[in-house]
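Please read it alongside the sequence and the structure shown here.

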Amino acid sequence: MPTTRLAVLFIFGTAFGFAQWPQWGGPNRNFQVSGSPPLATTWPTAGPKRVWTRPLGEGFSGMVVGGGRLYTLHNRGNRGQTGDQEVVVAIDTATGKTVWEFAYKASFTNDAEVGPGPHASPLLDGDRLYTVGVTSKLHCLDTKTGKVVWMHDLKSEYKSSNLIYGYASSPLLYKNNIVLPVGGENHALMAFDKTTGKLAWSTGTFTNAYSSPVLINVDGQDQIVTVMKQDVMSVDPNKPAVTWWHPQKAEYGLNVTMPVWGPGNLLFVSSSYSAGSKVLELHQQNGKTTVKELWDGYRLNVHHTNVVRIGDVVYGSTGMSGPAPLTAVEVRTGKVLWQDRQFSKANMVVADGKVIVLDQDGMLALTILSPQGCKVLAKAQVMEKLAWTPPVLAGTKLYVRDRKTLVALELGR
């Protein structure tokens, strides 16, 4: 293994205490698992083995896994548009049983399809869990007990942006700080000391949206990039200061999907609501970041699911409502290579040379995605309700949730 690859693995392993799936998007925040154990190449007709199934409340919050526990958030209250409480739950990964719960008041009303939240994924770092709920309450919890170490109400303390569907951005760990978009004057991106909760820094004047931040490195300079209401924005967290921004004008500010960073210094950004996709090529020149838009178009417009890049191709479900075919696009040119209508709007995880696909109708598939097309190795119906949460892979165990159930599946050989 190349030295640089070992260094990357060491950095991520150290930062998260070797948690198996510590944050939104997994170990490297790109929905890809390096060095995954071998996965089965076929399943029985009924699908992969169910390790356990348990009920779970409303919400689309992602899951994190480490130390034999799974952590996520859900809503407790009226099922549907209005909820009374948000619940952070720690679950034993072997049995599916609750280890502890932490509940707090979080009344939020939304339309029936989206529901009352929560939406953001937790962040796991050693013996601390960081969560953000739909009403912008940020908590740091002790993973052993579920007790509050520190908290911030981003709405009352910092006047976080008002969002129709509630707060949805998943926090990012950078060095010793928890970083997340808040929105507002000088509060576009904020960082809090992970141990004490003390404000570390705050910068930028942009209105927040629903996308989550991602860490990139542009020719040696760390940058944290997130999509705000009308712009892609980047911050140098070591100054800290806004380094650049570029328009991404989705109607109603509905920018949801996290950007994808990859080789060639290429940043892929996609939204529905008339914004579409674009690729930005970033470089350092004379101490500043140059931003060159290579292409933009609407053949791939990702609503709220994730996007993965494999080689020189990005894969994502295109479309806001109705059919949302899985689409392959050359990242540098924007050329559409193929579209496949086997799946409804889908999220993906890459592991063991395969791509695990879970669509919104609860159809799970094991596939190989390539520039030539989508090859399905196995397929099974595993969920019943709206499944908008990306699957999580920890070892050979896959965790999936919809609006009423959490399921653990065994995908190993």
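This is a predicted model: local features need pLDDT of at least 70, side-chain atom pairs count only at pLDDT 80 or more; totals for chains, interfaces and linings use all residues.

Strands here are DSSP runs of E with at least two residues, numbered from the N terminus, and R299 lies in the loop between two of them, β22 (288-297) and β23 (308-310). The topics below begin with an open sheet of five strands and end with the loop residue R299.

**The five-stranded sheet**

- The strands of this open sheet follow the order β1-β27-β28-β29-β30, and their pairing is mixed.
- β1 (32-33) and β30 (373-381) stand at the edges with a single partner strand each, so one side of each is left without a neighbour in the sheet.
- β1 and β27 run parallel and are joined by two bridges, with Q32 having V350 as its bridge partner in β27.
- Strand β27 (residues 346-351) runs antiparallel to strand β28 (residues 354-359), and six bridges join the two.
- Within this pairing, V350 has V355 as its bridge partner in β28, while N347 stands opposite L358.

- T367 is found in strand β29 (residues 363-370), and with a relative accessibility of 0%, against a cut-off of under 20% for burial, T367 counts as buried.
- Beyond its neighbours within four places in sequence, T367 is in contact with F343, K354, V355, V357, C374, K375, V376 and L377.

- Strand β16 (residues 221-227) is mostly covered, since six of its seven residues are buried.
- Strand β15 (residues 214-218) runs antiparallel to β16 and is joined to it by five bridges, with V218 having Q221 as its bridge partner in β16.
- The hairpin of β15 and β16 has two residues between the strands, and D219 takes a positive phi near 50° in this hairpin.
- β16 also pairs in the antiparallel sense with strand β17 (residues 231-236), over four bridges, and V227 has V232 as its bridge partner in β17.
- Three residues lie between β16 and β17 in the hairpin that these two strands form.

**Nonpolar cores**

- In soluble globular proteins, nonpolar side chains tend to be buried together.
- The largest nonpolar core of this model has 63 residues, and I356 and Y399 are those with the most contacts inside it.
- Apart from this core lies another, of 15 residues, among them W150, L154, Y167 and F192.
- Leaving aside its neighbours within four places in sequence, Y399 is in contact with residues that include W52, M63, V65, L70, T93, P391, V392, A394, V407 and A408.

**The cavity**

- The count of cavities of 30 Å³ or more comes to one, and about 40 Å³ of space lies in the largest cavity.
- W21, W24, G25, F31, G62, M63, S121, P390, P391 and V392 line this largest cavity.
- Its lining divides into seven nonpolar residues, three polar residues and no charged residues.
- M63, P391 and V392 belong to the lining of the largest cavity and are also among the contacts of Y399.

**The loop residue R299**

- R299, in the loop between β22 and β23, has a relative accessibility of 53% and therefore counts as exposed, the cut-off being over 50%.
- Leaving aside its neighbours within four places in sequence, R299 is in contact with T318, V336 and Q339.
- The C-alpha atoms of R299 and Y165 are separated by 26 Å, and these two residues are 134 residues apart along the chain.

Definitions and conventions: Residues are numbered from 1 along each chain as its sequence is written. Side-chain values use heavy atoms; hydrogens and water are left out. Two strands pair if DSSP finds at least two bridges between them. On a 1 Å grid over the protein atoms alone, a cavity is a set of points where a 1.4 Å probe fits but cannot get out, and a pocket is an open set with protein on both sides within 12 Å along at least five of seven lines; lining residues have an atom within 4 Å of a point. Grid points are joined across faces, edges and corners, and a volume is the space filled by probe spheres set on the points. Ala, Val, Leu, Ile, Met, Phe, Trp, Tyr, Cys and Pro count as nonpolar, Asp, Glu, Lys and Arg as charged, and the others, Gly among them, as polar. A nonpolar core is a set of buried Ala, Val, Leu, Ile, Met, Phe, Trp, Tyr and Cys residues joined through side-chain atoms within 4.5 Å. Buried means under 20% relative accessible area, exposed over 50%, partly exposed in between (1.4 Å probe, protein chains only). Contact means heavy atoms within 4.5 Å.
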